[in-house]
Structures are given as C-alpha cells and as structure tokens.
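Let's take a walk through a protein model together. Keep the picture in view as you read, and look for each part when its name comes up.

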Amino acid sequence: RHGQIPDTETIVAVRVDADEFTLKRLALVDQMIELRPSNPTYKSWQVAVDRVEIVGQMIGLVRRL
C-alpha cells in the first residue's frame, strides 16, 4: 500500500487505518512507519506499514494574514 517511502525531508499526506488523515514526514524504522511531525512539541509515532497509505505530497503552504 505504501510503495516507496519518501525521504524524511518530504512532507506527505497519509491516511492511517482508512479514517485518519495527517501531514507528516515518514521514516521506515524496524519494519514500521514512523510519522514525524514538523512541530517539535508533538511526538513521533509508529504504525504498521499495512495501516498507512500515502495519498499525496505537500508542495506548498498558504497562510492568511
């Protein structure tokens, strides 16, 4: 389901367990996918590879001032 794991500098949209979406950096750690947040106040978490589907790649951010 995950194809090739992008490098940890790439932020991707992932779906976990077919019901939760998030933007994270990914890493393959001990046959698990580690979801790494950009915000250092949040912790990384690991999930089984078969629970994760990469659905897109973040290419930009628009903020309203």
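In which strand is E34 found? E34 is in strand β3, where strands (E, at least two residues) and helices (H or I, at least four) are DSSP runs numbered from the N terminus. Before we go on, please note that this is a predicted model, in which local features need pLDDT of at least 70 and side-chain atom pairs count only at pLDDT 80 or more, while totals for chains, interfaces and linings use all residues. Residues are numbered from 1 along each chain as its sequence is written, and side-chain values use heavy atoms, with hydrogens and water left out.

Is E34 buried or exposed? E34 counts as buried because its relative accessible area is 15%; buried means under 20%, exposed means over 50%, and partly exposed lies in between (1.4 Å probe, protein chains only). Leaving aside neighbours within four places in sequence, E34 is in contact with R25, L26, A27, V29, S44, W45 and Q46, contact meaning heavy atoms within 4.5 Å.

E34 also has a charged partner. R36 forms a salt bridge with E34, and their closest N and O atoms are 2.5 Å apart. For a salt bridge, a side-chain nitrogen of Lys or Arg must be within 4 Å of a carboxyl oxygen of Asp or Glu. R36 is partly exposed, because its relative accessible area is 29%.

Now let's see how the strands line up. Strand β2 (residues 20-29) pairs with β1 in the antiparallel sense over 6 bridges; two strands pair if DSSP finds at least two bridges between them.

What makes up the largest nonpolar core? Its 9 residues are V12, V14, V16, L26, I33, L35, V47, V49 and V52. Both β1 (11-16) and β3 (32-36) supply at least two residues each to this core, and β1 gives the most, with 3 residues. A nonpolar core is a set of buried Ala, Val, Leu, Ile, Met, Phe, Trp, Tyr and Cys residues joined through side-chain atoms within 4.5 Å. In soluble globular proteins, nonpolar side chains tend to be buried together.

Finally, let's return to charged pairs. How many salt bridges are there? The count comes to 3. In one of them, the side chains of E53 and R15 meet at 2.6 Å, N to O. This pair links distant parts of the chain, with E53 in strand β5 (residues 52-57) and R15 in strand β1, 38 residues apart. E53 counts as partly exposed because its relative accessibility is 25%, and R15 is partly exposed with a relative accessible area of 24%.

Another salt bridge joins the side chains of R51 and D17 (2.7 Å, N to O). It too links distant parts of the chain: R51 is in the loop between β4 (45-48) and β5, D17 is in the loop between β1 and β2, and they are 34 residues apart. R51 is partly exposed at 32% relative accessible area, and D17 is partly exposed at 39%.
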